[in-house]
There are 2 protein chains.
Amino acid sequence: MSSRRTIRSTEPMALYGRGRVSAQRAAIAKAAEAMSGAFVAEELHRAVTSVEPGIGLATVYRAISAMQSAGTLVTVGERDGCALLAICVRGDHHHHLVCTECGAVVGIDCPIDETTMRAAAREGHLVTSHQIVLYGLCARCRARTENT
Amino acid sequence: MSSRRTIRSTEPMALYGRGRVSAQRAAIAKAAEAMSGAFVAEELHRAVTSVEPGIGLATVYRAISAMQSAGTLVTVGERDGCALLAICVRGDHHHHLVCTECGAVVGIDCPIDETTMRAAAREGHLVTSHQIVLYGLCARCRARTENT
DNA sequence: ATGAAAGTGAGATTGATTCTCACTTTGGGA
DNA sequence: TCCCAAAGTGAGAATCAATCTCACTTTCAT
């Protein structure tokens, strides 16, 4: 009785790491990869349903959760109380610069160096993890903004 | 008909920067300063009402908002989906190390240096702001944990 | 002393995210 | 190829931190 129809499944299940291949997840992963820069759950849902109508918001949230567990989707901040997400396949330890103009996300090498660790250690503290987000302008927006 | 009673107002309105002196705000500021380390809105509310019953949760949220605007209260992360807060009166630019053991918050010098800014600039990007939170063990908890 | 503005309490509301549940799809065996 | 237990899904309900509304109270410049 459901109006749910079978959608052809595609291959980029890679973003999930594990789990079954469902047409919905494939469509969601594809849409996530197609997003330009950072996005919010609701935006991803809109993007997916514009291509494959009928995919529920809960399914999108579940897919987001799965990709986050797999480490291929990360939270890069927040916007209006919503988690700001971005696909991230870079393997090494790094952080992200979110363009405040267009939402683009670019990887940035971790600025936490020996100096910081040692300064903390000097006070007796031990840094075990950290969370860093940079905001600014991506190269494209910077070039567009600056009138040399 | 209200059971609200007059509470003596204290002086530490300093955390608000501006605004009128109300007994409630004074009590909230006092409780916030008395908290050991980072806390959540609900915890601050409990702390305040344990001393001055009758103060509403909305009032606590309003006070939090006011202190954040004044820059004396900052968000240092989140815990179980709730904003993790901490009093911060240090004037210079810095960040915080939140002890994952006891919740203590200690100021840490900003690790974003010329190197990072230049690395971003090399790619054409411009970093305008950033957000950093360090997690680890404060000196006290580190000492307690390590059995030399 | 006064009154307009700021602040407050209680409860309703909002809105992102999660959960429930009955149903559908997947995929490793038999 | 068929089976079926487990995984996945859609719709809508439920959560719950945070905000808003509104009638009432307090503050403080005048």
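This is a predicted model: local features need pLDDT of at least 70, side-chain atom pairs count only at pLDDT 80 or more; totals for chains, interfaces and linings use all residues.

**Notes on the DNA side and the chain interface**

1. Which part of DNA strand D does Arg20(B) reach with its side chain? A base. One of its polar side-chain atoms lies 2.5 Å from a base oxygen of DNA strand D. Check this distance by eye in the viewer.

2. Now the strand as a whole. Of the atoms of DNA strand D within 4 Å of the protein, 72% belong to sugar or phosphate. The rest belong to bases.

3. DNA strand D is surrounded by 23 residues. The closest are Arg20(A), Ser22(A) and Thr59(A) from chain A, with Arg20(B) and Tyr61(B) from chain B. By class, this surface has eight nonpolar, eight polar and seven charged residues.

4. Next, the protein interface. Here 27 residues of chain B are in contact with 27 residues of chain A. The area buried between the two chains is about 2300 Å². Carbon and sulfur atoms give 60% of that area. His125(B), Leu126(B) and Tyr135(B) supply 24% of what chain B buries against chain A, more than any other three residues.

5. How many salt bridges cross the interface of chain B and chain A? The rule finds zero. Polar contacts are another matter: twelve residue pairs make them across the interface, both residues at pLDDT 80 or more.

6. On the side of chain B that touches chain A, four elements each supply at least two residues: β5 (105-109), α4 (114-122), β6 (126-137) and α5 (139-145). The largest share, twelve residues, comes from β6(B). By class, the residues of this side divide into 16 nonpolar, eight polar and three charged.

7. Finally, look at β6 in both chains. Strand β6 (residues 126-137) of chain A is joined to β6(B) by eleven bridges, and the two run antiparallel. For one pairing to locate, take Leu126(A): its bridge partner in β6(B) is Leu137(B).

Note on methods: Residues are numbered from 1 along each chain as its sequence is written. Chains are lettered from A and ligands numbered from 1 in the order in which they are written. Side-chain values use heavy atoms; hydrogens and water are left out. Contact means heavy atoms within 4.5 Å. Buried area is the accessible area (1.4 Å probe) that two parts lose on being put together, summed over both. A salt bridge is a side-chain nitrogen of Lys or Arg within 4 Å of a carboxyl oxygen of Asp or Glu. A polar contact is a pair of N or O atoms within 3.5 Å; within protein, one must be able to donate a hydrogen and the other to accept it, and residues adjacent in sequence count only if both atoms are side-chain atoms. Ala, Val, Leu, Ile, Met, Phe, Trp, Tyr, Cys and Pro count as nonpolar, Asp, Glu, Lys and Arg as charged, and the others, Gly among them, as polar. Two strands pair if DSSP finds at least two bridges between them. A residue is near a molecule or strand if one of its heavy atoms lies within 4 Å of it.
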